[in-house]
Amino acid sequence: MEEEFRRVAGIVFGAPLTRRTHRELLYCLTGGLAGVAGFVVTVVLLTSGFTVSASVIGTVVGLLLLTVALRVSRRLGSLHRRLSSRLLGQQVEAPPRFQPGTGVLGRLDRRLRDRAAWRGVWYSLIKLPVAGVQLYAITLTVFGLIDITYPVDWLLFRNHPGGTSLSPLVAVVPLPFIGSLSISSWPATYLAALAGALCVVIAAWLARGISTADHALVRGLLGPSTMAERVSELERTRTLAVEDSAAALRRVERDLHDGAQMRLAALAMNLGMAREKLDDDDATVRELIDAAHRNAVDALADLRDLARGIHPPVLDNGLASALDSLAASSAIPASVTASIGQRPAPAIETIAYFCAAELIANATKHSFANQITINISTERAGVLRLDVSDDGIGGADVTRGSGLSGLVQRVSTVDGRVDVSSPSGGPTVVTVVLPMKA
Amino acid sequence: MRVVIAEDAALLREGLTRLLEDRGHAICAAVPDGDALLAAVAEHRPDVAVVDIRMPPTHSDEGLRAALKLRHDFPRTGVLVFSQYIETSYSAQLLEGGAAGVGYLLKDRVANVAEFTAALQRVADGGTALDPEVVSQLFRASRQRGGLVTLTPRERQVLALMAEGRSNAGIAAELVVSGGAVEKHVASIFTKLGLPPDESDNRRVLAVLRYLGGKPQLQDGR
């Protein structure tokens, strides 16, 4: 029992001596000052922005002030996050970066609807009372430290011979007790020192409490926000990733076409010319050149298949054209009907194309069909719909067979949908629904 | 032959120029894009133009579009389109206005100098040169419909070469048989497939292609 009491007392009274407390006090000082400054700047900018924009002429200036306020708010947010992570050791993730719009109005619109910045404004406003408490904790510490030195001060400066009349010392106890402790004798200075020590202890715990609360605010208002915003951010980055990979594949194909394929074709052509010019008596040389020529031609064919698998160039002319070519090379007669108004994003076209290729290959392998029908349309707004049906034996299953499940995976990267209707005995109808943008 | 070449890769453009000049043909112009091609053909009125499909600025099908325009504006100039890929929809577009003076070959074919120049000569003379790849795609589709079942393997070979645009003499040389043997095969094929016998090579090619389903209907929406 007694031990327990000592332990607790040790923690309570030892707090001011810990590194953690020192960091928290430093946080209170810097964060408090920054908070007050941020509050003033934000309030001045916002109120002047709103008042000015209320008049017709001032709208432009007012909007400008608002955008400045929101920019400042983002800066302040990053400052507070940094302070929190440096001094409290609590990392807070930054909200999504600001995405500037295009054009003057677009930029303005994005800026004014920057939710992270507006949440930062809320933080700046709420921060004022918090900063008050933080700065109070600092004052309390400073005054407490001064009070602790009194017994020593007395001996140094007040050690006059007896009978000297002196005005009493006033211990600096911060609000709301200022001046409530006057000291007129040396022993009484110990009382002041005790009060000072108490102040320091209280300040330490106050700093801890307010730092915890402030950190919660920083995390809540300056971090990445609500789940919905997080989701939309993830969607945005996923779109970028999908589009980026489609563009990268396109680039690889283009580079192959302009580079290796072109050089190989030239090589094969030169070897062909060399072969023509060779005398018939150079049997060995002729054999060697023949072999080299054959290899070049084979490599060209391999490379063509590879490049086509990466990105079929005919896709650049649109899905309808690409599907026509696909249908034409199908082993089972395939017909294509297409009604495509606006072109979908390139990444979506690529996915639709490879879906169709996979479905045709599947039908060829398993369905024993006589006819494949491919239908692609953008009639429903915002949606690309691909139907591939055959008059085969049916029994296609998404859960079995890697072909269909791979397709479902590919489609799901853009929130698309695959419906398979394939009763035993047929017919099989596979519908792929894709968004127009990744 | 008087030839205009349109190819954006300098290496291939120069190689082709050399190859054809080496064989005694005259290169009127060798240009890197479609617009320059149209200008060069208008200026020189060559026997044949060799056109790469993918050229600047978009690197998709400018060559094809230029070729179609050439077919329309300068019907006496043969057009040999060549490309890294065979797209059946492209061959369908090229053959839309008939099979006379049209060629569509893979770039690989330039490796076989003799065959390539023979194909080019055929196109320059108003004939047809289709890549074996195009023909084999058509065969695949046709075989599935059961259209070719009654043909002997030899007759199929002859049919494929006919579809590529070769004359009886060309087929005889390729298969190393006599001209008479080829004529017999051809007659037999035409009877079996119910095609009208025809002397002109072009109309023969068209009939064969139509039989093979080589002119798929173009759909709307493009």
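1. Two residues are taken to be in contact if their C-beta atoms, placed from the backbone, lie within 7 Å. On this criterion, 41 residues of chain A are in contact with 32 residues of chain B. The structure is a predicted model, in which local features need pLDDT of at least 70 and side-chain atom pairs count only at pLDDT 80 or more, while totals for chains, interfaces and linings use all residues. Residues are numbered from 1 along each chain as its sequence is written, and chains are lettered from A and ligands numbered from 1 in the order in which they are written.

2. On the side of chain A that touches chain B, the elements giving two or more residues are α8 (227-277), α9 (283-310), α10 (319-328) and β3 (334-339) of chain A; helices (H or I, at least four residues) and strands (E, at least two) are DSSP runs, numbered from the N terminus. The largest share, 15 residues, comes from α8(A). By class, this side of chain A holds 21 nonpolar, 12 polar and eight charged residues (Ala, Val, Leu, Ile, Met, Phe, Trp, Tyr, Cys and Pro count as nonpolar, Asp, Glu, Lys and Arg as charged, and the others, Gly among them, as polar).

3. The axes of α6 (residues 150-157) and α7 (residues 186-222) of chain A come within 7 Å and cross at roughly 150°. α6(A) is therefore roughly antiparallel to α7(A), a term used for angles over 145 degrees. Axes are lines fitted to C-alpha atoms, for helices over the stretch in contact, and angles run from 0 to 180 degrees between N-to-C directions. Tyr150(A), Pro151(A) and Trp154(A) of α6(A) make the contact with Trp186(A), Thr189(A), Tyr190(A), Ala192(A) and Ala193(A) of α7(A). This contact has seven nonpolar, one polar and no charged residues.

4. Chain A has an open sheet of five strands in the order β3-β4-β5-β7-β6, with mixed pairing; strands pair if DSSP finds at least two bridges between them. β3 and β6 (417-421) of chain A each have a single partner strand and stand at the edges, so one side of each lacks a neighbour in the sheet. The twist averages 10° from one strand to the next.

5. β6(A) and β7 (residues 428-435) of chain A run antiparallel and are joined by five bridges. Arg417(A) has Val433(A) as its bridge partner, and Ser421(A) stands opposite Val429(A). The two strands form a hairpin with six residues between them, and Gly425(A) in the turn has a positive phi of about 100°.

6. α10(A) lies across β3 and β4 (372-377) of chain A, at about 175° to β3(A). α11 (residues 346-366) of chain A lies across β3, β4, β5 (383-390) and β7 of chain A, at about 10° to β5(A).

Technical notes:
Parallel < 35°, antiparallel > 145°, perpendicular 65-115°, else oblique.
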